[in-house]
Protein chains: 2
Amino acid sequence: MNTFGSLNEDDVLARFYGVIPAGGVGTRLWPLSRAAAPKFLHDLTGSGSTLIRATYARLEPLSDGRTMVVTGRAHRRAVLEQLPGLKNANLVLEPEPKDSAAAIGLAAAILHHRDPAIIMGSFAADQVITPVETFQQAVREAVYTAAEGFIVTIGITPTYPSTGFGYIRTAGGMSIAGAPSAQAVAQFVEKPDEETARGYLEAGGYHWNAGMFVAPVDLLLKHLETNEPVLHAGLMEIAAAWDTPARREVMRRVWPTLPKTAIDYAVAEPAAAAGDVAMIPGAFSWDDVGDFAAIGRLNAASETGNLTVLGEGARVYAENASGIVVSDTKRVIALIGIDDVVVVDTPDALLVTTKAHAQRVKSAVEHLKASGDTDVL
Amino acid sequence: MNTFGSLNEDDVLARFYGVIPAGGVGTRLWPLSRAAAPKFLHDLTGSGSTLIRATYARLEPLSDGRTMVVTGRAHRRAVLEQLPGLKNANLVLEPEPKDSAAAIGLAAAILHHRDPAIIMGSFAADQVITPVETFQQAVREAVYTAAEGFIVTIGITPTYPSTGFGYIRTAGGMSIAGAPSAQAVAQFVEKPDEETARGYLEAGGYHWNAGMFVAPVDLLLKHLETNEPVLHAGLMEIAAAWDTPARREVMRRVWPTLPKTAIDYAVAEPAAAAGDVAMIPGAFSWDDVGDFAAIGRLNAASETGNLTVLGEGARVYAENASGIVVSDTKRVIALIGIDDVVVVDTPDALLVTTKAHAQRVKSAVEHLKASGDTDVL
């Protein structure tokens, strides 16, 4: 039920503010994605657009310039280059990563300080979504639902029993004007083992948690205050100083003291337990580009024969070869008689693996870190 | 029978002069081996020595500084760096490649002009031979046999029915002092198909033609004159001018006019038909490093687990990987979950193939040539 009754629809949607947390190195996409050039700064779909640019563009029809980006200081220049429409006031730079609760919480606190009526929608910078119209419609429903006093997650209908995502268990439909598909959320559940995941799919009522949510900033901050009072206090102090000359001093003093935790633990899970979370099912196709096998799936259009080639000016010669080549150099790459191979060629590091082993790239990166080869990470 | 009867052994061996034709790009070893840095300039065995240096060192106990190298002009500096003992007078530079008959014939003609009694031994710069003592003993036998008026090839005992080499059919033992294993040669036969090759091994009396031969320079030139009179005349004119100030002018004028042909057709085969060819069986292990699979075989010592790694300062991380990595860069190379792979990493070109497809590298190079990617060839 829309408790506002006669409220103009546009008044609700006008409260929307996009937030794009752009963090995470994307270790499974090493050596393409790395600390200095993380996943969101790459065009991994052959669309001609980097992931962060596509994320921003996807929100633009909803936010009309009201989009904030939270990222690491090192990426300031790259992000501004990618998003010429981004207002300087909406670029929030972290001096060091403090995990998602701090990043998203800071955006919420700053926005709340500017306008406590804002409904923010947080969408990671490195996901691939099509068609965008279906996504936007889901966000609109989420905004209407959030306006009723909910933290609203957008759940992805699972297509296979993934053990790589957390799940959202729903508890029946809600009756919210403008949000016909809104459902109550009973619980967030951790990444399951395969048997459990198969059970979820058979049982129905489970969706993947893609980390997308829409929430009134005051409600989000209320839960943050309850569950992470130190973090909340720090973020509120920073937010109060943000649009003043004191920002630099306060940020420098407070940020390093903030506890590191994930937004799931700090807000989403306790809010669900309190009955404050709803879900809009996302009937769009969604991919978090988790590994190079995903890049193969997402780039069918770049295929020559059975080989997907990514990279401007790639010079690839293939003979009886299939798989994925990501070329970040101008080198000639010759592939002969090899199937389902993954070759990622960058100026200082080369990865050769197979589609089947794509998930194990992360362990290679961990090994390189341990062995001191940090120059290429 | 030694027709010289009482001749001092040392007088015969003192007539020996090593000749190392250092040509051939080694296309099947692309992109490591290429026009600017051919196979013989690489250390392909992990011995710490390039192939040409090892070839020179193998001859040194026999030639004692009497070794000549014939190579392309472009390799002058690299060859002198590799062979500090090489006399300037013994470095013969070709302005352009004219095939093996011209290269080896020019060496014969120059040596003949200096001393017509010379017995030259021609050994390609890019072969791997162990143990060297067994090789040297075979060469000594070949020199004694050559002194009796034969062109003497050193045949390799076949270990499998190779279709990649020509064969030498022998016709019984000879009786030559100092050369107990000398055999008469009936015929050189072209690279056979596999069935024929299998027949050769069953029949016995066949050896691989490794292109190694020892011959009195006057006998070699006599056969060249009979079979390739234009080539012979040109080479004799160049040789007469070689150690004079006219070398440059004559070389520039005559060399471009010389016909291109292989020493096998111009000398070895017709000489065999004339009954002038003998063979010493080489009871050593021999490899022409024909492809990357050979590099794997020759570098068991460089193996870490099932992976052979070649290259100074190679930074390779492997997880469940086997095969061969040749690193000609300082890049980090990560291999994950891939078997029998061949990865050759050079500054401007990368090859990824499998051991089983190693022979097909040549066709990739031909394709690159045809498509105009000659910068990396």
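UniProt positions are given in the numbering used here, feature names are shortened, and annotations may be inferred rather than shown by experiment. This is a predicted model, in which local features need pLDDT of at least 70 and side-chain atom pairs count only at pLDDT 80 or more, while totals for chains, interfaces and linings use all residues. Residues are numbered from 1 along each chain as its sequence is written, and side-chain values use heavy atoms, with hydrogens and water left out.

**View 1. The annotated span, residues 321-368 of chain A.** An unreviewed UniProt entry labels these residues "domain: MannoseP isomerase/GMP-like beta-helix". The span is 56% strand and 17% helix, as DSSP runs (helices H or I, at least four residues; strands E, at least two). Its end C-alpha atoms lie 28 Å apart.

**View 2. The two domains of chain A.** Domain 1 comprises 9-287 and domain 2 comprises 302-376, with bounds from an automatic or database domain assignment. Their centres, taken over C-alpha atoms, are separated by 31 Å. Eight residues from domain 1 and 16 residues from domain 2 take part in the contact (heavy atoms within 4.5 Å).

**View 3. The interface of domain 1 and domain 2 of chain A.** The two domains bury about 1200 Å² between them, 68% of it on carbon and sulfur atoms; this is the accessible area (1.4 Å probe) lost on being put together, summed over both.

**View 4. The salt bridge of A:Arg34 and A:Asp348.** The side chains of A:Arg34 and A:Asp348 meet at 2.9 Å, N to O. A salt bridge requires a side-chain nitrogen of Lys or Arg within 4 Å of a carboxyl oxygen of Asp or Glu. The count between the two domains is one salt bridge.

Terms used: Chains are lettered from A and ligands numbered from 1 in the order in which they are written.
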